[in-house]
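Thanks for coming. I have one structure to go through today, and I will keep to a couple of spots in it. Please have a look at it first.

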Amino acid sequence: MPKPTSDAGLARRLKLVGFDVDGVHPVEFKRFHIQDGIGIRMLRSAGLAVAWVSGRESAATALRARELGVDELIQDPTARKLPAFEELLARRGLSWEECAFVGDDLADLPLLARVGLPVGVANGVSEVKDAARIVTTAPGGQGAVREVAELILKARGEWEGLVNRFFGEHSDAPHGAHRPR
């Protein structure tokens, strides 16, 4: 059962949204959900920085991060996410309260315990779901990033304007939208 969504005040305080990105082995076949990519672009369009944090190095993850313009990519093979994230916050002059983090496994718990908006994904372990203020209905890797982006941007009152701007810039209407005849 999903936990309550974020409130407007909390959503407006956010300056950075971090996401756990599961690493892969040296021979990698990695798929990224297209709706998640649009969610990342929408967060960035709203002026929020996006950070990806992984306990493994992955060329596919680095390539996708570049394609989407992800602001920060942390790939720490020691899987020590907390010190790496603390360094990122210090470098950017941000507080923990100005950050959201989305995780799914035990290695994410130290970050979830510190950020202003801890988020767990539907297929996360029970400890992550218990630590989260929000639990997505979509599993990680299957639209959870997009769901988080929508929750935050809707709470900030920015979603509709961003959708209109995004699709206006691309000369297309959102899927399912009706154009006047």
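Is Asp 20 buried or exposed? Before I answer, note that this is a predicted model. Asp 20 has a relative accessible area of 17%, and the cut-off for buried is under 20%, so Asp 20 counts as buried.

Where does it sit in the fold? Asp 20 belongs to strand β1, which covers residues 16–20. Its side chain makes a polar contact with the side chain of Lys 81, at 2.5 Å. If we leave out neighbours within four places in sequence, the residues in contact with Asp 20 are Val 53, Lys 81, Phe 101, Val 102, Gly 103, Asp 104 and Asp 108.

The structure has two aromatic pairs. In one of them, the ring centres of Phe 85 and Phe 101 are 5.8 Å apart and the planes are at 80 degrees, so this pair is edge-to-face. Which elements does the pair link? Phe 85 lies in helix α4, residues 81–92, and Phe 101 lies in strand β4, residues 99–103; the two are 16 residues apart.

On accessibility, Phe 85 is at 0% and therefore counts as buried. Phe 101 is also buried, with a relative accessible area of 0%.

Technical notes. Residues are numbered from 1 along each chain as its sequence is written. This is a predicted model: local features need pLDDT of at least 70, side-chain atom pairs count only at pLDDT 80 or more; totals for chains, interfaces and linings use all residues. Side-chain values use heavy atoms; hydrogens and water are left out. Helices (H or I, at least four residues) and strands (E, at least two) are DSSP runs, numbered from the N terminus. Buried means under 20% relative accessible area, exposed over 50%, partly exposed in between (1.4 Å probe, protein chains only). A polar contact is a pair of N or O atoms within 3.5 Å; within protein, one must be able to donate a hydrogen and the other to accept it, and residues adjacent in sequence count only if both atoms are side-chain atoms. Contact means heavy atoms within 4.5 Å. Rings of Phe, Tyr and Trp (its six-membered ring) pair if their centres lie within 6.5 Å; planes under 30 degrees apart count as stacked, over 60 as edge-to-face and the rest as tilted.
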